[in-house]
Amino acid sequence: MGVIETAGLTKSYPRVTALDHLDVTVGDGVTGLVGANGAGKSTLIKILLGLVPATSGTASVLGYDVATEGAEIRALVGYMPEHDCLPADVSASDLVVHLGQMSGLPYAAARERASDVLRHVGLAEERYRPMGGYSTGMKQRAKLAQALVHDPRLVLLDEPTNGLDPSSRDDMLALVRRIGSEFGIAVLVTSHLLGELERMSDHVVVLDSGRLLRSSATTDFLHATGSLLVEVQGRPDADRLLGQALVDAGLVARPAEGRMIEVEVRDDATPDVVRDLTVDLGLGLVRMQERHHRIEDVFRDGGAGSVQPV
Amino acid sequence: MSSPSDSEPAGAPTGVIHDLGYRPYGGPRLGERAVARAFFVTGLRNTYGLGRSGRSKVLPFILLGVMLLPALILVGVLVQARNILGLNEQIVAYSTYPLTTQLLISVFVASQAPALISRDLRFRTITLYLARPMRRTTYVLVRLASLTVATFLLIGAPLLLMYVGGLLADLPVGRETGRFLGAIVGAALLAACLSGLAALVAALTVRRGLAVAAVIVVLLVSYTVVATIQGISGDAGRPAVGEVAGLFSPYTLVNGVQVFLFDSPAATNTPPSSDAMGLVYLLAVVLTVGGAIGGLLARYRTVHP
């Protein structure tokens, strides 16, 4: 049973259809939800929280129906909104304790949990200062802490890396990974940056104009394509020489980006053939690696608009 | 069986902070009532600046202090000079006190309603509440309750001080208690009316400064206009005009209700003179509070997470 399951989920606004017959299942671990702006990511999250009713179709979160059991869902789910939501004149510590109580924790437990999660998200002494003076990175951490304070079974993170500098972004990505693996909390995280999702999620759901473009394990997106990338040097036309030699040896080879050659793997001996030919030609073998797909390829292959649910 | 300390090597460093990793929460999760109670208490504390920045505490506590000061002086005079001055009752009636200090009360409500109501809307903190189990209606009613009780404490505290002073000065206990309880009911009604109106204005105005100004204008202007009309109509021998006018300011309205219900000394020139008018006053209080609640609920129905 999935953590999140939707069937034919549709949400129409007077002018746009935000979600169009969406069937998606999300399991444990970290699931990335990717799509361009307006692809329906935020709408999906609001429906899952029971805050916005769906036009048609059904959805369940942790086994509860979003249409009728919203309160039960919200007790067990943490939500980190995309937009700013922190009052300026309250400290992170006070706010997180208070919101822990709002999720049903007794005061003493809320204090202990708040202190724990603030440590996990990396807010140290600054947690006692009013949040009006926080940097974006600190605000994002405080927003994440309030989503975790009640030890939810699922957290919905809407663009957690928005506005972060590269090092804070790395911290946030690592943190999201930890929540999914070490903390044992299922995570649904949205981003429009594919590279980020590759780094933190086990599973990726791709939305396009409210429809499911693809849903599969991150490793499936990144699986080996069955070809090798080879880079050689030694002479100005080294790549052309090797390419010709490979073709002569009966392999399929073509120029790749940069000055590399892409060789299709025929059998286990293919890398040996490449190595031997390079040596025979008197060239230096700089690198030979398996070529992987990237999540971008889904968009390129599918093409925005041409929808092929997999 | 070895105790845990036996397994540790001798001379192991003490006082080391261990990273326990993530600890799941296995304790109780409270229901709707407990959550609403915690929300109410936090709101009440926040209204006096507690749990907020140091600066936020200044104004509410100054206002509370200034509210208590005249009562303290009155009590001092009453206790010390009762026999000399031949006093047999409070120097200022309980029911008159809130009208005398109406400026302070208005400033308190005007400054704290936006702090409590507009803040969640302006910073969009309301999203964090809506993403939790509490219902929207509960959110609205509890916020209003926090503000009402905070205002009630402000109005009621000097009355309590006067009551205690009155007892110390050996005023008749039964009569004082009756008057005091009537005044406390009045304070509660006044707090409800003021908070309802202020919360509604604050909920419609997201910008804080604007909300403060709007609430001040609504409360002060209405009181000034009503007091002026009442003064003129009383002098001109047309009290009916003043009685109707009294409906349009929370202060004169609630004072009128106190006159009608508890026969308290009137603080205005033209208190409701007939039972019918008294009932109209009472009805106006109910409508004010009910209307404010209805307006707030309608306003929050349009708030999107």
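**Figure 1. Helix H4 of chain A and its buried side.** In H4(A) of this predicted model, the buried residues are Ala109(A), Ala110(A), Arg113(A), Ala114(A), Val117(A), Leu118(A), His120(A) and Val121(A). These residues lie on the same side of H4(A), because the arc they cover around the axis is only 155°. H4(A) runs over residues 107-121 and has 15 residues. From first C-alpha to last, H4(A) reaches 21 Å, close to the 21 Å expected at 1.5 Å a residue. The partners that the buried residues of H4(A) pack against are helix H3 (92-102), helix H5 (136-148) and helix H6 (166-181) of chain A.

Figure 2. Buried in H6(A) are Met172(A), Leu173(A), Leu175(A), Val176(A), Ile179(A) and Gly180(A). Their arc around the axis is only 160°, so they fall on the same side of H6(A). The face turned away from that buried side carries Pro166(A), Ser167(A) and Ala174(A), which are exposed. The buried residues of H6(A) pack against both helices and strands of chain A: H4, H5 and H7 on the one hand, and strand E3 (30-34), E7 and strand E8 (186-191) on the other.

**Figure 3. The six-stranded open sheet of chain A.** The order of the 6 strands is E6-E7-E8-E3-E9-E10 (chain A), and their pairing is mixed. E6 and strand E10 (211-217) of chain A are the edge strands, each pairing on one side only. From one strand to the next, the twist averages 15°. H1(A) packs on this sheet, where it touches E3, E7, E8 and strand E9 (203-208) of chain A. The direction of H1(A) makes about 150° with that of E7(A). H6(A) also packs on the sheet, touching E3, E7 and E8 of chain A, and its direction makes about 150° with that of E8(A).

Figure 4. Strand E6 of chain A covers residues 77-80. Val77(A) and Tyr79(A) point one way from E6(A), while Gly78(A) and Met80(A) point the other way. All of these residues are buried. E6(A) pairs with strand E7 (residues 154-158) of chain A in the parallel sense, over 4 bridges. Within this pair, Met80(A) is placed opposite Leu157(A) of E7(A).

**Figure 5. The four-stranded antiparallel sheet of chain A.** This open sheet has 4 strands in the order E2-E1-E4-E5 (chain A), with antiparallel pairing. Strand E2 (17-26) and strand E5 (64-65) of chain A each have a single partner strand, so one side of each is left without a neighbour in the sheet. Strand E1 (residues 4-12) and strand E4 (residues 56-61) of chain A run antiparallel and are joined by 5 bridges. Ala7(A) stands opposite Thr58(A) of E4(A). Helix H1 (residues 41-48) of chain A lies across E1, E2 and E4 of chain A, at about 115° to E1(A).

**Figure 6. Arg199(A) in helix H7.** Arg199(A) belongs to helix H7 (residues 194-200) of chain A. This residue has 16 other C-beta atoms within 10 Å and is therefore partly exposed. Val189(A) is 10 residues away along the chain, and its C-alpha atom is 12 Å from that of Arg199(A).

**Figure 7. The contact between chains A and B.** Chain A contributes 34 residues to the contact and chain B contributes 30. On the side of chain B that touches chain A, the elements giving two or more residues are helix H2 (32-47) and helix H6 (126-130) of chain B. The residues of that side of chain B comprise 16 nonpolar, 8 polar and 6 charged.

Figure 8. Chain A has 310 residues, of which 45% count as buried. Its secondary structure consists of 11 helices and 14 strands. Along the principal axes, the C-alpha atoms of chain A fill a box of roughly 75 × 45 × 35 Å. Of the contacts in chain A between residues at least 6 apart in sequence, 68% join residues at least 24 apart.

Methods: Residues are numbered from 1 along each chain as its sequence is written. Chains are lettered from A and ligands numbered from 1 in the order in which they are written. This is a predicted model: local features need pLDDT of at least 70, side-chain atom pairs count only at pLDDT 80 or more; totals for chains, interfaces and linings use all residues. A residue is buried if 20 or more other C-beta atoms lie within 10 Å of its own, exposed if 12 or fewer, and partly exposed in between; C-beta atoms are placed from the backbone. Two residues are in contact if their C-beta atoms, placed from the backbone, lie within 7 Å. Two strands pair if DSSP finds at least two bridges between them. Ala, Val, Leu, Ile, Met, Phe, Trp, Tyr, Cys and Pro count as nonpolar, Asp, Glu, Lys and Arg as charged, and the others, Gly among them, as polar. The expected span of a helix is 1.5 Å times one less than its number of residues. The arc is that of the directions from the helix axis to the C-beta atoms. Axes are lines fitted to C-alpha atoms, for helices over the stretch in contact, and angles run from 0 to 180 degrees between N-to-C directions.
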